[in-house]
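User: I would like to learn how to read a two-chain model. Could you take me through the features one by one?

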Amino acid sequence: MIQFSKVYKRYPGGYEALRNVSFTIPDGEMTFVTGHSGAGKSTLLKLMTAIERPTSGSVVVNGQNVGALRPRAIPFLRRNFGLIFQDQKLLFDRNVFENVMLPLNINGYERREAARRVRAALDKVGLLGREKSNPITLSGGEQQRLAIARAIVHRPSILLADEPTANLDTDHANELGGLFKSFNQVGVTVVIATHDEHLTARLEPRLIALKNGELIAALPGDVP
Amino acid sequence: MRTWLTQHSRTLSSTVARLARAPVASLLNIGVIGIALALPVGLYVGLVNLQALARDLATEPQLSIFLTLDAARTDVARIEDRLRRHPGVRKFSHVPRDQALADLKASTGMGDIVGSLGRNPLPDAFVVDGGDSSPQTLERLRDEFSDWPKVGHVQLDSAWANRLAAALRLGRIAVLLLATLLAFALIAVTFNTIRLQILTQRQEIEVSKLIGATDPFIRRPFLYYGAVLGLAGGLAAWAIVWAVVLLLNHGLADLSQLYGTRLELRHLVATDSVSVLGFAAWLGWFGAWLSVGRHLAEIDPQ
């Protein structure tokens, strides 16, 4: 569960990215954070993963107050998440397989078990045949799917994605939407920051709509 | 525990793999460290050898009493008598000046030169063994004998050994200073190497931090790299010194054959070798630790 209560985030220099934001995302929900660029979507995701800390208010993830975590505890908080970045942050000095292996190395998985999981994750996103390729040789859609494989390989309870369909055509975006839906169906909490209305219409998620850093609507999932 | 071991062994193997991936750069680094370490280690080996040599030579320090050239037979007899009755003298022998001249003629092949001298330039001499061979006792005896009549000069054989020991002490300090300076050089080399690595792996570090890597996890490969680099440099230094000693021993074998003695340089003993390798690895680790501490904090994911 992710709970924001009365969260303010002011950056040095006085820019106020979030103002008095409160909401709750229950476990196993599919939630979209929408709004124009600069509305505070990315800041919201950064607060959840302790990349940023709230100026005031509290952010609670799985019972932990993220804003008050000791630096030493932050890595362990982040292991609850699967993160998909806007710029993907793939590592081009290693192949597809090793990219997906990274989270398992960090979590200290035994090698054989890790290899099995990497293959399962690659299979899930349809990249099993490309495990020896360098990510630079993959298409934009394939790179995005690789990023997803890396995010889910350690079976996180929460999947966070920042504009995952930003650079994709409709077909690929739909394909990706299907993937997110399938993760959600097996109980993963999925939070996606996006302004892709097409995707929103297709997946019918719960919505958290932001405008200029303020929450304008938190609607139930049955309204697109 | 198992996870911990897995992570460490995996880090070690990937570190060695990383060294092997850039063989030229790695070899150059190892070479720089090896040469820097070989200097003090080589000097140390030289010192150890000199010390061993000094120990061999200075086993029985003796006093040589040289009389003045105008000493008559009666003077010689008087001194002989005094030495016999002296409680601090264990045994002594008299080397008459004629015999000394004859020995000189026979031993060094300078017969012609010696023969051309108008008169015998050598004095009568006594070689004295002190009761005990501590430097203080010997020095006291030397001062005492010097005051006797018709005694020209008293030579303490251990004096040069003392001087050598002092020189060796000085050498030891020089080695220590050199080692300290070059240890700094080694730390600087690893510091810089690690800094470059952190820069090139910036993105990996950033991503790793974002997906839950702890600081020790991120630091570990760099520390391993530093230690392995230092260890390899230490091995290189050891090999260089070993090779130099081997080469010198070849030359020494010829030389000592000519002199009819046996001179041979000793290699580093096992414990010293282990210390050198351990110290080199530690220096590499320390340089990496400094570098990682300084540069890793600069990478904060956004």
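**Reading the two chains**

Analyst: Begin with the contact between the chains. This is a predicted model. The contact draws 13 residues from chain A and 14 residues from chain B. On the side of chain A that touches chain B, α2 (74–78) and α3 (96–107) of chain A each give at least two residues.

User: Which residue classes make up the side of chain A that touches chain B?

Analyst: Eight residues there are nonpolar, one is polar and four are charged.

User: What does chain B have, against the value for a compact globule of 302 residues?

Analyst: Chain B has 32 Å, but a compact globule of 302 residues would be near 19 Å. The C-alpha trace of chain B spans about 100 × 40 × 30 Å along its principal axes.

User: What percentage of chain B counts as buried?

Analyst: Of the 302 residues of chain B, 25% count as buried. For chain A, with 224 residues, the figure is 42%.

User: And the secondary structure?

Analyst: Count the elements, then read their order. Chain A has seven helices and ten strands. Chain B has ten helices and four strands. From the N terminus, chain B runs α-α-β-α-β-α-α-β-α-β-α-α-α-α.

User: How do the domains divide each chain?

Analyst: Check whether a domain is one segment or two. In chain A, domain 1 is 1–80 + 157–224 and domain 2 is 90–155. In chain B, domain 1 is 2–57 + 162–296 and domain 2 is 63–132.

User: How many Å separate the two domain centres in each chain?

Analyst: In chain A, the C-alpha centres of domain 1 and domain 2 are 24 Å apart. In chain B, the centres of domain 1 and domain 2 lie 55 Å apart.

User: How many residues of each domain of chain A are in contact with the other?

Analyst: Nine residues of domain 1 of chain A contact nine residues of domain 2 of chain A. On the domain 1 side, helix α6 (residues 170–185) of chain A gives the largest share, four residues. By class, that side has six nonpolar, two polar and one charged residues.

User: Why look for a nonpolar core?

Analyst: In soluble globular proteins, nonpolar side chains tend to be buried together. Here the largest nonpolar core has 104 residues. Those with the most contacts inside it are A:M48, A:A149, A:L159, A:L160, B:L37 and B:A237. Helix α9 (residues 215–259) of chain B supplies the largest share of this core, 15 residues. A second, separate core of eleven residues includes B:L63, B:I65, B:L67 and B:F126.

User: Which residues does B:A237 touch, not counting those up to four places away in sequence?

Analyst: B:A237 touches B:G34, B:L37, B:A38, B:V41, B:V276 and B:A280.

User: How do I read a single helix?

Analyst: Helix α10 (residues 270–296) of chain B has 27 residues and reaches 38 Å from first C-alpha to last, close to the 39 Å expected at 1.5 Å a residue. An α-helix has 3.6 residues a turn, so residues three or four places apart point the same way. The buried residues of α10(B) include B:V276, B:A280, B:L283, B:G284, B:G287, B:A288 and B:S291.

User: Is B:W282 buried, exposed or partly exposed?

Analyst: B:W282 lies in helix α10 of chain B. B:W282 counts as partly exposed because it has 16 C-beta neighbours inside 10 Å.

User: And why does B:L258 count as it does?

Analyst: B:L258 is in helix α9 of chain B. B:L258 has 7 C-beta neighbours inside 10 Å, so it counts as exposed.

Methods
Residues are numbered from 1 along each chain as its sequence is written. Chains are lettered from A and ligands numbered from 1 in the order in which they are written. This is a predicted model: local features need pLDDT of at least 70, side-chain atom pairs count only at pLDDT 80 or more; totals for chains, interfaces and linings use all residues. Domain bounds come from an automatic or database domain assignment. A residue is buried if 20 or more other C-beta atoms lie within 10 Å of its own, exposed if 12 or fewer, and partly exposed in between; C-beta atoms are placed from the backbone. A nonpolar core is a set of buried Ala, Val, Leu, Ile, Met, Phe, Trp, Tyr and Cys residues joined through C-beta atoms within 7 Å. Two residues are in contact if their C-beta atoms, placed from the backbone, lie within 7 Å. Ala, Val, Leu, Ile, Met, Phe, Trp, Tyr, Cys and Pro count as nonpolar, Asp, Glu, Lys and Arg as charged, and the others, Gly among them, as polar. The expected span of a helix is 1.5 Å times one less than its number of residues. The radius of gyration is taken over C-alpha atoms; the globule rule is 2.2 Å times the number of residues to the power 0.38.
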